[in-house]
Amino acid sequence: MPALFSLQSYLLLSAMLFVIGLIIVLTKNNAIQIIMGIELIFNAAAINFVAFSCFRPHLLDTLQMSGQVIAIFVIVVAAADACAALAIILSLFRVFKTTRIQNINRLKG
Amino acid sequence: MFSEEIRTMVFFGAGMMTLISAVLIIFFNNLLHSAVALFFTLVGIAILYILLGADFLGISQVLVYAGGVLVLIIFGIFLTTPHVDELGSARKSIATWITIGFGFLLFRLLAKMILQMPWVTKIPQSRPTINSIGNLFLSKYLLPFELISVVLLFVLIGSILIIRKDLRR
Amino acid sequence: MYLFYIIILPLITAVLLRWHVFDNKKSAGVIACCSVLGSFVVVLLHTRYLFMAGDSGAMYFEKLWEWKILPDVTMPFGLRLDAISYVMCLLVTFVGFLIHVYSLGYMKLKEYSRYFSYLNLFVAMMLLLVLSDQLLFMFIGWEGVGLSSFLLIGFYHQSHKNMNAAKKAFIVNRIGDLGLLLAMILLLAIYFLESGQFSLSVLTLETKASLLQAPGIGDFTLIGIVGVLLFFGVCGKSAQMPLYMWLPDAMAGPTPVSALMHAASMVTAGIYLMSRMHFIFDGSVFVSHLVMWVGVITALFGSTVAIFQRDIKKILAFSTISQLGYMTLACGIGAYGVALFHVLTHGVFKALLFLSAGDVIKACKGNQDIYLMGNLRHKLPRTHVMFWMGALSLVGIFPLAGYFSKDLILFHLFTNHFGVYLLALLGVFFTSCYIFRLLYLVFYGNRQADTNQEYRTPITMLFPMVILSILLLMLGWLWVPSFLHLPEVLPEFFATVLPVELGHHLVFKELIVGLISTVFAATGFFLARKFFLYGPKADFWIAKRYPRFYRLLSHQYYLDELYYKAFVFENHDDRDPNEDNAFTNSVLHVVAVFKGLIDRYFIDGLVHWFAWIPMFLGSVYAKIQNGQIQSYLRWITMGSLISLLYWFLWISKAGQ
């Protein structure tokens, strides 16, 4: 890509963040870190939406800001999600006394 | 105008900060350190938003994400870990490396897709967005807007329900 | 009228008795007797049907139901009353009835239901065998009598010896049944392929007998193969040469059982089968000759072995084997009517002999060894007389029944197979030897047998014997030599179903044959009288002078032992080490080991391998379900990655 500031670079950035978030989710031991990873994934998606809405505004004439609106929705949903996830983790912690998700394997078998 | 170069530099700087912080989340074993890295990631993303001209979005990103979600996460960390030191480590098994490998594969795939597409783009303009966003919220995206509030309500109540101690016993 | 009552009546009685519906001795026995008598009456009532059929040749057929094997393949099950089955039914039911009555007096048991139930079952099965129209249902009766024989021989089941005898009977029978089954399958296949009909009805088989003239394997025609197989079944049931050994051991059962089964009924089933399927035996010269030679050899074998036996019942058992040999012989030369006539007379006089022997055994307090008997003619005068009658009938002395039937056999041999005739004549001599030896040793002599002093023959035992002896006097006249110009009742009757030569024999020949056989019988008589009138000393004298000969005969030519060594694989624990035959045992051992290997690794192995596959797959899949959320997520992402890859690399490229 010729220019650094371009759609592709934003998309690539978002892709990288997505992959990193995925790796965090799949690899980390602690439940709270997994929440961080999930937040990263959400953010990557939001960046995608915003980049598209800003770099290609001619798509939708009166609705140029659709991508940003969607990004706002993403933020809201991510926040709600983080809240619910933390609630679950806290109650799990009460039962298992740990946040190590390897030890939370009652679904085995 | 010099804004081109500055924009490119700022983009580069912010992008680097975001990426490096994201990677650091993985590598920090200390939970709090990773939370801080997350913070920097979020801030970097906010800068990127503003660079695109999405001013409202960038501010709300900082407000909600960095100021809300992150704080929530830090609360969670404090509530659940006796020692914040080693609990954030990754699995030390071959599965981790395989996962990372797959991650690379995925990224490569996505990158290929991205780079192959012939995008037709325009330079983003910076103008205040909040009017348009407000308009959109109340016209096209009215239903999702209302629904989102309902969702938030549900999540609030639900989380409290999950978390409360059963007082009856 | 209904033919099936003949079978159903004793069958239901058997079931009811087995369920102990009537437990009292008198009621059980009386009901059993009545049911058999009822069958007899029903048979008599059907007599008129036999003679009103007119052209179709004296046959009454009653179809009971169609067995629907497949939607378009049916087999009719019916009962057929014709000359052969009529005569057999009369024999079985009448003699059966007499034996039931005799059992009332003879048997002293704790409970009678089981005994009478089995007896009735036997009668029912035998009647089913005789009355069935289809070979398949006849086979049910065939097996049924085998089963009843097992149950009855092993009636005193507490003894190992008895149970072994019962098992032996059943197993040897079964071996013969293999031949019968194969023959039936062959017949069914041939007829089915030709006509599309699934029928083993004798009528159908007979009319299409020409089918079987087709060549089978090599030089043997199909009819020959079927004949050999059928004959193998006959050997099993009628105790002919290779498969005879169950009959002597079967004497372990109660005496009335021996009288019924092994004199009158079960063993004659084979002869009946041969008469029914006469067209098969007529169709192949090889098979006829085989039958004839087996018959004559068996006749000689039985009669020679009987000479030096000690047990009354064993002597009579070998006598049965020998007489069955004569019957088989008659079938072999094509004289089926004569064979059936001999079945009839033999049934009567052998039953009489057995019943008398039963009386003797009871008088001697259960002892069956004739060396320990003697001088019983004063103690049991009536039995003595009846035993004489039975013996004279056995050797064939005019005017008793046995003379007529045996003479006919000899006559047919004289005219057609002179060599075999000489052998049969020799058999007559031996027969006379053993039966008069038996008679003299038991009833004559100076030594007093150890008897039960107050024993009087009960009327229930005497009555059947008297009836049988009267019958002996009358029966012979059913088939008289043609030179007497008397009505020949039986042959004309049989001629409706069988190819029977009617009359027109040379007077000279018939007289000569009769005279010669009487001479031979008389020789045996006088010999036996001379040697055995005063006791069994002659036996010991012969044993000393010709020890090997004596031992050979008294051990049944060691055939039984041969069979035992060859086919019985013993449990090591109770094997007598002195009787080891290392070679046979080692061969059997090797075979057993080999078979064990195949069984374990191949047959079991197949099953195990089949079971192992899903278990293995299951364990693999089970590893995935480890309860680790991240593991699940990884599998998910990997899966979606692969599909993404697939889409990207193949589909979108193809689109471009």
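Select Ala239(C) in the loop between α9 (222-238) and α10 (246-249) of chain C; helices here are DSSP runs of H or I with at least four residues, and strands are runs of E with at least two, numbered from the N terminus. The model is predicted, so local features need pLDDT of at least 70 and side-chain atom pairs count only at pLDDT 80 or more, while totals for chains, interfaces and linings use all residues. Residues are numbered from 1 along each chain as its sequence is written, and chains are lettered from A and ligands numbered from 1 in the order in which they are written.

Although Ala239(C) is not a glycine, its phi is positive, about 55 degrees. Ala239(C) is buried, with 32 other C-beta atoms within 10 Å; buried denotes 20 or more such atoms, with C-beta atoms placed from the backbone.

Next, select α7 (residues 160-195) of chain C together with α9(C): their axes come within 7 Å and cross at roughly 150 degrees. Axes are lines fitted to C-alpha atoms over the stretch in contact, with angles from 0 to 180 degrees between N-to-C directions. The pair is therefore roughly antiparallel, a term for angles over 145 degrees. Residues making the contact (C-beta atoms, placed from the backbone, within 7 Å) include Leu180(C) and Leu187(C) of α7(C), and Leu229(C) and Phe232(C) of α9(C).

Finally, move to chain A, which has three helices and zero strands, in the order α-α-α from the N terminus. Of its 109 residues, 57% are buried. Among contacts in chain A with a separation of 6 or more, 48% join residues 24 or more positions apart.

Technical notes. Buried ≥ 20, exposed ≤ 12 C-beta atoms within 10 Å, placed from the backbone. Contact = placed C-beta atoms within 7 Å. Parallel < 35°, antiparallel > 145°, perpendicular 65-115°, else oblique.
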